[in-house]
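Work through these exercises with the structure open beside you. Try each task before you read its solution.

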Amino acid sequence: MNLKFVAMKSSGAQEFRNGHLDANGQAPEQHEEGFGPCRHCLSRIEGEAMLALSYKPFDSNQAYAESGPIFLHQKACKHYDDFSNAPKLFADETDLIVRGYTKEDRIQYTACRITSSQQLTQTCKSLFEDSSVSYLHVRLGPTNCYQYTVERA
Ligand SMILES: [Zn+2]
């Protein structure tokens, strides 16, 4: 089984850079020197201009569509396009949350794990053996912040 690691779409990132309101109905915060993972290029923001905003990584509003804080490079950055490989962004993490969702965007409670970055690809492949799992969200364990989505390639 092949995996596809999916970052925020360029169109979505550009909307926020243009001041599109976030999941809380507020304009993205602008920080001159930000630090953290950019959800569009899936690399680190290192003292660069950054947006902080509330993001809901779902297409529709429903009970399971939670939102939370994310960061974006304020200036245009290259969309993560190494789809078949896990981002190196969290290469040393011991606690990544991998949460399975059904095609109806419901949490598949039997397909949720905490794993290390070294085990991430194998964990994702294992969870996709359950045909009811449509996609996975990867979150950083200590903060529970959404990072990116994993799909079947
Ligand atoms: Zn970026």
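Two strands count as paired if DSSP finds at least two bridges between them. Keep that rule at hand for the strand exercises. One caution: this is a predicted model.

**Exercise 1. Find how many helices and strands the protein has, and in what pattern they follow each other.**

Step 1. Count the elements. The protein has two helices and eight strands.

Step 2. Walk along the sequence. The pattern reads β-α-β-β-β-β-β-α-β-β.

**Exercise 2. Compare the radius of gyration of the protein with that of a compact globule.**

Step 1. For 153 residues, a compact globule would have a radius of gyration near 15 Å.

Step 2. Take the value of the model. The protein has 15 Å, which agrees.

Step 3. Along the principal axes, the C-alpha atoms fill roughly 45 × 35 × 25 Å.

Step 4. Of the 153 residues, 31% count as buried. Take contacts between residues at least 6 apart in sequence: 63% of them join residues at least 24 apart.

**Exercise 3. Locate the two domains and describe the side of domain 1 that touches domain 2.**

Step 1. Domain 1 covers 7-73, and domain 2 covers 88-152. Their C-alpha centres lie 20 Å apart.

Step 2. Count the residues in contact. Domain 1 gives 15 residues, and domain 2 gives ten.

Step 3. Name the elements on the domain 1 side. Strand S3 (44-55) and strand S4 (68-73) each give two or more residues. The largest share, three residues, comes from S4.

Step 4. Sort that side by class. It has ten nonpolar, three polar and two charged residues.

**Exercise 4. Trace the pairing from strand S2 through S3 to S4.**

Step 1. Start with S2 (residues 29-37). Seven bridges join S2 to S3, and the two strands run antiparallel.

Step 2. Look at the turn. S2 and S3 form a hairpin with six residues between them. Leu42 lies in this loop.

Step 3. Check Leu42. Its phi is positive, about 55°, although Leu42 is not a glycine. Is Leu42 buried or exposed? The cut-off for buried is 20 or more other C-beta atoms within 10 Å. Leu42 has 24 C-beta neighbours inside 10 Å, so it counts as buried.

Step 4. Move on to S4. Six bridges join S3 to S4, again as an antiparallel pair. Here Ala52 stands opposite Phe71 in S4.

**Exercise 5. Decide why strand S5 (96-101) is described as largely enclosed.**

Step 1. Count the buried residues. Six of the six residues of S5 are buried, so the rest of the structure largely encloses this strand.

Step 2. Check each face. On one side, Leu96, Val98 and Gly100 are buried; on the other, Ile97, Arg99 and Tyr101 are buried.

Step 3. Find the strands that pair with S5. S5 and S6 pair antiparallel over five bridges. Ile97 stands opposite Ile114 in S6. S5 and S7 also pair antiparallel, over six bridges. Val98 has Val138 in S7 as its bridge partner.

Step 4. Inspect the loop of the S5 and S6 hairpin. Five residues lie between the strands. Asp105 lies in this loop. Asp105 has a positive phi of about 65°, although it is not a glycine. With 16 other C-beta atoms within 10 Å, Asp105 is partly exposed.

**Exercise 6. Work out which residues of helix H2 (residues 120-127) are buried, and why they line one face.**

Step 1. List the buried residues. They are Leu120, Cys124 and Leu127.

Step 2. Look down the helix axis. The buried residues fall within an arc of 65°, so they line one face of H2.

Step 3. Find what they pack against. The strands are S1 (3-6), S5 (96-101), S6 (107-115), S7 (135-140) and S8 (145-152).

Technical notes:
Residues numbered from 1 in each chain as written. Predicted model: local features only at pLDDT ≥ 70, side-chain atom pairs only at ≥ 80, totals over all residues. Helix = DSSP H or I, 4+ residues; strand = E, 2+ residues; numbered from the N terminus. Rg over C-alpha atoms; globule rule 2.2 N^0.38 Å. Buried ≥ 20, exposed ≤ 12 C-beta atoms within 10 Å, placed from the backbone. Contact = placed C-beta atoms within 7 Å. Domains from an automatic or database assignment. Nonpolar A, V, L, I, M, F, W, Y, C, P; charged D, E, K, R; others polar. Arc of directions from axis to C-beta.
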